[in-house]
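Here is a short briefing on one protein model. Look over the sequence and the structure, then work through the points below.

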Amino acid sequence: MLESIDTSMIDWSRAQFALTAMYHWLFVPLTLGLAVIMGLMETLYVVSGNEFWKRTAKFWMKLFGINFAVGVATGLILEFQFGTNWSNYSWFVGDIFGAPLAIEGIVAFFMEATFVAVMFFGWNKVSKKFHLASTWLTGLGATFSAWWILVANSWMQYPVGMEFNPDTVRNEMVDFLAVAFSPVAVTKFFHTVLSSWMLGAVFVIGVSAWFLLRKREKEFAVGSMKIAAAVGLFAALVTAMTGDKSAYQVAQCQPMKLAAMEALYDGGTREPLTVVGEIKIPLMLSFLATRDVDGYVPGINDLLLGGYVLPDNTKALSAVDKIANGKKAIAALADYREAKQAGDEAKMASARQIIDENMKYFGYGYIDDPNSLVPNVWLSFWAFRVMVGLGMYFIAFFALVLFLAWRRKLSKVNWLHYVALGSIPLAYLASQAGWVVAEVGRQPWTIQDLLPVDAAVSRLETGSVVTTFFIFLILFTILLIAEIGIMLKAIQKGPEEKE
């Protein structure tokens, strides 16, 4: 079945989804980050009655609104691709994957849309407290939206709460709470959202630094930098903690991804963590992956060849054995459907037993070459180091900004203002690198161990996918340029005049 699918069409479909996802993620983290910062500023206004904080909050709300509008447009196109380019995926697991996306669209998005109108147009028309509640509820709606999107993505990394139905050839949800609150989803949510707060904080500090370099709006700039740095430092520290937990979960659920992230071909016990090149931290990889410095960490070759001892004292299967078991499950499914047509209940029961015994390897049945189970090692390795390295940099950056604010020297250190401006693109680079690690490291799977990319794609003409790829590339680039232009004009104009 899969041999008739044009492999170039699969590559173009992957490229198109990557394009739209990465463009969309340029807007989402800034929305999440600015929502918290402007919420805190308006809270200070309501508590203190100081009009300065109202003026400051309104400026950042303006930039929030510009970013929010473009983010919505790119997100809608992204979700449509599940039906157009990945219809086999949608058929196979739509009952599960569709649920969090539906909740996100019906509840979270409408919550954002309702309160964002009050937030922008309700100044001096509703009470201070009601307006403040609308501001926080807009941010909460955006965060709630992120929760369900990340639940859906986490399920692809760690599929739980489901049961395969051979009559419909679909996986069906049997435990909604297991899907919605899986440990992988919870960790991914806090790691992703808190890292978005970091990006928002860097953006606010960088833009404020521009005002200081231009010797404009000193009080506004310094006040904004203090709030942003406090949010950023808190977020950076929590992001580091959740990153550690996420790495441990990857080691348990997606060992091939971890091996690619570390470029570890031959594993072992007491494994060091590679920083770069020959710079290594002794024992650290074993500790991060197993919480034991003597723990065994399998490498890429170990995972392909199998034979090592698992934590439950059983031996790991080789990739060849997993592929064989997967083909058994696929063959048994065909036997089950044939027996059902013939009304042979005994054969149906026998085939169902084989399916159940081998379902955990079902996706491997579509794999022909065991080496295709290895993701892009170079990209996974370096994307991980970019993400972690910049995360450590931002912890130091936020701490320095807060220290200078405490010493009342924040407006006087010009070199820091240039560093702050230069840190804005670095924050976006770190954010994108995190998703590269998560998604490239999962390849060749759309759903870990259950459905490879080759079996998830729609049957489309390659030319149509190429055409839409370039249409989206041009459209999104125009949107991005327009957003940057509108934002630059708003920044150059600065905060509104005092009322």
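Ser8 lies in helix α1 (residues 7-48). Helices (H or I, at least four residues) and strands (E, at least two) are DSSP runs, numbered from the N terminus. This is a predicted model: local features need pLDDT of at least 70, side-chain atom pairs count only at pLDDT 80 or more, and totals for chains, interfaces and linings use all residues. Residues are numbered from 1 along each chain as its sequence is written, and side-chain values use heavy atoms, with hydrogens and water left out.

**Pairs in sequence and space**

- Ser8 counts as partly exposed, because its relative accessibility is 28%. Buried means under 20% relative accessible area, exposed means over 50%, and partly exposed is in between (1.4 Å probe, protein chains only).
- Ser8 and Ala221 are 213 residues apart in sequence. In space, their C-alpha atoms are 50 Å apart.
- Ala399 belongs to helix α13. Its relative accessible area of 34% makes Ala399 partly exposed.
- Ala399 and Gly232 are 167 residues apart along the chain. Their C-alpha atoms are separated by 9.0 Å.

**Salt bridges**

- Side chains of opposite charge can pair when their charged atoms come close. A salt bridge is a side-chain nitrogen of Lys or Arg within 4 Å of a carboxyl oxygen of Asp or Glu.
- How many salt bridges does the structure hold? There are 11.
- Lys58 forms one of them with Glu496, with the closest N and O atoms 3.5 Å apart. Lys58 lies in helix α2 (residues 51-84) and Glu496 in the segment after α16 (462-493), so the pair ties together parts that are 438 residues apart in sequence.
- Is Lys58 buried or exposed? Lys58 counts as buried, at 17% relative accessibility. Glu496 is partly exposed, at 40%.
- Arg291 and Asp244 also meet in a salt bridge, at 2.8 Å from N to O. Arg291 lies in the loop between α9 (284-290) and β6 (296-297), and Asp244 in helix α7 (residues 218-253), so this pair ties together parts that are 47 residues apart in sequence.
- Arg291 is partly exposed, at 34% relative accessibility. Asp244 is partly exposed too, with a relative accessible area of 29%.
- Lys327 and Asp368 pair at 3.9 Å, N to O.
- Lys327 is partly exposed, with a relative accessible area of 39%. Asp368 is exposed, at 66%.

**A nonpolar surface patch**

- Val275, Val276, Ile279, Ile281, Trp378, Leu379 and Trp382 make a nonpolar surface patch of about 620 Å².
- Patches are made of residues with over 30% relative accessible area and no salt bridge; like charges are joined within 9 Å, and nonpolar side chains (Val, Leu, Ile, Met, Phe, Trp, Tyr) within 5 Å. Accessible areas come from the Shrake-Rupley method with a 1.4 Å probe; for residues, only the protein chains shown count as cover.
- β4 (273-276), β5 (279-281) and α13 (377-406) each supply at least two residues of the patch.
- Which element gives the largest share? It is α13, with three residues.
- Trp378 sits in helix α13. Trp378 is exposed, because its relative accessible area is 60%.

**Two helices in contact**

- The axes of helix α3 (residues 87-121) and helix α4 (residues 128-157) come within 7 Å and cross at roughly 170°. That makes α3 roughly antiparallel to α4.
- By class, the contact of α3 with α4 has 25 nonpolar, six polar and two charged residues.
- Axes are lines fitted to C-alpha atoms, for helices over the stretch in contact, and angles run from 0 to 180 degrees between N-to-C directions. Angles under 35 degrees count as roughly parallel, over 145 as roughly antiparallel, 65 to 115 as roughly perpendicular and the rest as oblique.
- Ala, Val, Leu, Ile, Met, Phe, Trp, Tyr, Cys and Pro count as nonpolar, Asp, Glu, Lys and Arg as charged, and the others, Gly among them, as polar.

**Backbone details in loops**

- The peptide bond from Gln443 to Pro444 is cis, with omega near 10°. Pro444 lies in the loop between α14 (414-440) and β7 (445-447).
- Arg270 is a residue other than glycine with a positive phi, near 55°. Arg270 is in the loop between β3 (268-269) and β4, and is partly exposed at 44% relative accessibility.
- Asn313 has a positive phi near 70°. Asn313 lies in the loop between α10 (300-305) and α11 (319-342), and counts as exposed at 68% relative accessibility.
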